[in-house]
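Please read the sequence and the model below side by side. The paragraphs after them go from the overall fold to single residues.

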Amino acid sequence: MSFDKMLRDMVRDEVQRAVAPLQASLANLEAQTAVVSRLAAAFGGGVVRRGPGRPPKALALVGGGKRGGGRRPRGEKRACALVGCKNPARSKGYCAAHYQKYRNLSKTGRLPADWVADAAPHSVKNIKLPRGRAGAKALAESRK
């Protein structure tokens, strides 16, 4: 046996030893993908990858167990929850400006009872917040 052949065999064995756990993990992953595909077929949906080049862990069942709740179709617009606001809703049923007001009111503990998440369009009465010293005083009193 030549030195060259002996060196090649030694490198090949070392590489196989290093790659063996990776090969076992890939085989396990392929088996799990097959199980997910069979489950999806059993529940009447297909398996969809959530983007090009995503790993198999990003598989999702189509048609069952939606997490998004009441999502509207993409083209459908919804009006802001505040009475008289003409802007479209962006988040939690409010337009961008009123959502910021909602966030600030909830952060400071001053959120009125009718200001709820995902409120129906034009169902919430607007409130006028005090400005300047009166606003600072009201905020300080609300935090006590």
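Residues are numbered from 1 along each chain as its sequence is written, and side-chain values use heavy atoms, with hydrogens and water left out.

The protein chain has three helices and two strands, in the order α-β-β-α-α along the sequence. Helices (H or I, at least four residues) and strands (E, at least two) are DSSP runs, numbered from the N terminus. Of the 144 residues in the protein chain, 17% are buried; buried means under 20% relative accessible area, exposed over 50%, and partly exposed in between (1.4 Å probe, protein chains only). The chain exposes about 11500 Å², and carbon and sulfur atoms supply 55% of that area. Accessible areas come from the Shrake-Rupley method with a 1.4 Å probe, and for residues only the protein chains shown count as cover.

The mean pLDDT (the predictor's confidence in each residue, from 0 to 100) is 79, and 74% of the residues reach 70 or more. Over residues 58-66 pLDDT stays under 50, and the model has 18 contacts beyond four places in sequence for them. A contact means heavy atoms within 4.5 Å. Where pLDDT is low, the predicted coordinates should not be read in detail.

One joins Asp-9 to Arg-12, with the closest N and O atoms 3.1 Å apart; both residues lie in helix α1, three residues apart, about one turn of the helix. Asp-9 is buried because its relative accessible area is 18%, whereas Arg-12 is partly exposed at 44%. Arg-12 also meets Asp-13 in a salt bridge (3.9 Å, N to O). Another salt bridge links Arg-17 and Glu-14 at 3.0 Å, N to O, and this pair too lies in helix α1, three residues apart. Salt bridges that share partners join Lys-5, Asp-9, Arg-12 and Asp-13 into one network.

A nonpolar surface patch of about 910 Å² includes Phe-3, Met-6, Leu-7 and Met-10. Patches are made of residues with over 30% relative accessible area and no salt bridge, with like charges joined within 9 Å and nonpolar side chains (Val, Leu, Ile, Met, Phe, Trp, Tyr) within 5 Å. Leu-7 is found in helix α1 (residues 3-42) and is partly exposed, at 36% relative accessibility.

The largest nonpolar core has eleven residues, among them Cys-80, Cys-85, Cys-95 and Trp-115. Such a core is a set of buried Ala, Val, Leu, Ile, Met, Phe, Trp, Tyr and Cys residues joined through side-chain atoms within 4.5 Å. Leaving aside neighbours within four places in sequence, the contacts of Cys-80 include Cys-85, Cys-95, His-98 and His-122.

His-122 lies in the loop between α2 and α3 and has a positive phi near 55 degrees. Asp-118, in the loop between α2 (96-107) and α3 (132-142), has a positive phi of about 55 degrees although it is not a glycine. Most residues other than glycine have a negative phi. Asp-118 counts as exposed because its relative accessibility is 54%, while His-122 is partly exposed at 40%.

Notes. Predicted model: local features only at pLDDT ≥ 70, side-chain atom pairs only at ≥ 80, totals over all residues. Salt bridge = Lys/Arg side-chain N within 4 Å of Asp/Glu carboxyl O.
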